[in-house]
Amino acid sequence: MTKYLLSVHSVEGEVRPRMTDEEMKQSWKEVQLLHDEMKSAGAWVSTGALHEPDTATVVRVAGGEVMTTDGPFAESKEHLGGFYVIEAKDLDAALAWASKAAAAVRHPIEVRPFRVFEA
Amino acid sequence: MSARDAAPKLDQAEVGRIFREESGRSVAGLIRVFGDIDVAEDAVQEAFAVALRKWPGEGLPPNPGGWITTTARNLAIDRLRRQSRERELLGEVAVLSPGNDDPGIPPEVDSVQDDRLRLIFTCCHPALSTEAQVALTLRLLGGMSTNEVARSFLVTEPTMAQRLVRAKRKIKAARIPYRVPGPDELPDRLRPVLAVVYLLYNAGLTSSSELDLRSEAIRLARILATLMADEPEVAGLLALLLLIESRRASRLRPDGSLVLLGEQDRKRWDRALIEEGQAIVRRSLRRSQLGVYQLQAAINAVHADAVTFEQTDWSQIVALYDQLFAITPTPVVALNRAIAISEVRGPAAALALVDHLDLENYYPFHATRADLLRRLGRNSEAAAAYERAAAMAPTDSERDFFRLGGRARQLPRVPEHPSTSTGS
């Protein structure tokens, strides 16, 4: 089994029709269902949804000194909005989960394998 | 070996050709056995070195494919033994080919189980870039050296080597599976496979390289058509390639310049390829829903039927383009459809359609406009359009052709992806 990060990407200021309350509720319900499905399939490792990028803080260490600055780290319009960590037998299995997640959260999802360090 | 004296003598080039022909199957089989692309690839490469040493003197083994697989498998096992990973990897070998002392690849394999099918779906997995898909397919399935793959695409060998290393690293890290996709995934997964084969063929049409990508693409299409006999689009792709290839002898002048469809010497078209392609098209026309490759093959089959350009059944071609446009409503298909319409309803009707298309940066658009304007006697506008086409044309022969301002009555060549190749 391989662990994969499914990251939910959102684009700041992206012009897209705003979801109605009804659509938000529907999406939330689908996310919950998917969550349950991942858990009962043994694929779920962890999930998280993040606050907006302007809530981020960056810490650097240079020459032994800590420097804390206002985030986000990357000056990009695309931001990580949330993530799943799942376990799957191969990429196709991970992609199947990702397509369900993309449909539920209404955002594109990037699938990336975790590195494995052998003991 | 008793056949030693009887065996024909082989030179190194011949060994290379036979090896390339057979190596895809061996690499594919060994990837399944060892679960590792690099191990399989290196072992087959080493087996090639052995073949180069032995075959010219000893003659061709009775079953070259089996010889390569067995030799490569033994070399791989030797190498793995030498390495400290012995236990781990040899354990896997035992699991993956249980109680089987032969290389696990009988000379004739059940079509569903041919490992080359697994391999092409892995090489053309949609998680890989098109560039990576093409490179992996040529290297692993086509048996080309990294240097040959690099030369086919006009990049340096280190660049190509790095591209291949990255792609293989991704396959390993992301665990792109080594299997034929299930029926529910197949439409999504077959698309890039067919696109890669088609792209290889088209690269072969324009490439000046001595490496024969066209034949390689046709070979791959044949393998796919054999392994997936139930997939109409696979057969459609093979038919399309065969029908385009049938015009090969007449599409270039000795100086390398292009001869367009209307001017080609149709007596030089390869009847055997046409018959093979048309037979596939006839089978697919019995289906109700035709895919893009089948439709393009059908269009080419109609061209192949016409004894002269003027006798072409253009209304049939327009009808096929209507169907093609219904499933892929792209401006390029619309352009080709307009060209066919010009032969049925005249250049004015076609120009009206063409002028609506947003294809400013596509040189065949300007070439088509030029041709239609010329046929309408609007010569100065035609000259301007030819000049735009010439400025954008990718090859010297096409540039020269447009600069000459369309000598005889002829269709511009309209390559596209997926192509219709009405003019190649």
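# A quick tour of chains A and B

Chain B splits into three domains: domain 1 (2-99), domain 2 (113-189) and domain 3 (231-403). Keep in mind that this is a predicted model. Between the C-alpha centres of domain 1 of chain B and domain 3 of chain B there are 44 Å. Chain A has 119 residues, and its elements are two helices and six strands. Let's go through the two chains topic by topic.

**Chain A as a whole**

- The C-alpha trace of chain A spans about 45 × 45 × 20 Å along its principal axes.
- How much of chain A counts as buried? Of its 119 residues, 16% do.
- Take the contacts in chain A with a separation of 6 or more: 75% of them come from residues 24 or more positions apart.

**The four-stranded sheet of chain A**

- Some background first: strands of a sheet pair through backbone hydrogen bonds, and they do this either parallel or antiparallel.
- In chain A, four strands form an open sheet in the order 2-5-1-6, and the pairing is antiparallel.
- Which strands sit at the edges of this sheet? They are strand 2 (44-49) and strand 6 (109-113) of chain A, each of which pairs on one side only.
- On average, neighbouring strands of the sheet are turned by 20° against each other, with direction ignored.
- Five bridges link strand 1 (residues 2-11) of chain A to strand 6 of chain A, in the antiparallel sense.
- To find one of these partners, look at A:V8: its bridge partner in strand 6 of chain A is A:I109.

- Strand 3 of chain A and strand 4 (residues 65-70) of chain A run antiparallel and are joined by six bridges.
- Why does strand 3 (residues 57-62) of chain A lie largely in the open? Of its six residues, the number buried is zero, so there is your reason.
- Further on, A:P72 sits in the loop between strand 4 and strand 5 (78-88) of chain A.
- The peptide bond leading from A:G71 to A:P72 is cis, with omega near 0°.
- As a rule, most peptide bonds are trans, and most residues other than glycine have a negative phi.

**Where the chains touch**

- Five residues of chain A are in contact with six residues of chain B.
- On the chain A side, these residues divide into two nonpolar, one polar and two charged.

**Two crossing helices in chain B**

- Helix 1 (residues 12-34) of chain B and helix 5 (residues 115-123) of chain B have axes that come within 8 Å and cross at roughly 85°.
- Because an angle of 65 to 115 degrees counts as roughly perpendicular, helix 1 of chain B is roughly perpendicular to helix 5 of chain B.
- The contact of these two helices has three nonpolar, two polar and five charged residues.
- Among the residues that meet are B:G24, B:R25 and B:A28 in helix 1 of chain B, and B:D115 and B:R116 in helix 5 of chain B.

**Single residues to look up in chain B**

- B:L154 is not a glycine, yet has a positive phi of about 55°.
- You'll find B:L154 in the loop between helix 7 (146-152) and helix 8 (157-173) of chain B.
- Is B:L154 buried or exposed? B:L154 counts as exposed, because 10 C-beta neighbours lie inside 10 Å.
- B:R175 also isn't a glycine and has a positive phi, of about 60°.
- B:R175 belongs to the loop between helix 8 and helix 9 (186-206) of chain B, and with 19 other C-beta atoms within 10 Å, B:R175 is partly exposed.
- B:F325 is part of helix 14 (residues 314-327) of chain B, and it is partly exposed, with 15 other C-beta atoms within 10 Å.
- Setting aside neighbours within four places in sequence, B:F325 is in contact with B:V333, B:A334 and B:R337.
- B:F325 and B:V292 are 33 residues apart in sequence, while their C-alpha atoms are 9.3 Å apart in space.

How values were computed
Residues are numbered from 1 along each chain as its sequence is written. Chains are lettered from A and ligands numbered from 1 in the order in which they are written. This is a predicted model: local features need pLDDT of at least 70, side-chain atom pairs count only at pLDDT 80 or more; totals for chains, interfaces and linings use all residues. Domain bounds come from an automatic or database domain assignment. A residue is buried if 20 or more other C-beta atoms lie within 10 Å of its own, exposed if 12 or fewer, and partly exposed in between; C-beta atoms are placed from the backbone. Two residues are in contact if their C-beta atoms, placed from the backbone, lie within 7 Å. Ala, Val, Leu, Ile, Met, Phe, Trp, Tyr, Cys and Pro count as nonpolar, Asp, Glu, Lys and Arg as charged, and the others, Gly among them, as polar. Axes are lines fitted to C-alpha atoms, for helices over the stretch in contact, and angles run from 0 to 180 degrees between N-to-C directions. Angles under 35 degrees count as roughly parallel, over 145 as roughly antiparallel, 65 to 115 as roughly perpendicular and the rest as oblique. Two strands pair if DSSP finds at least two bridges between them.
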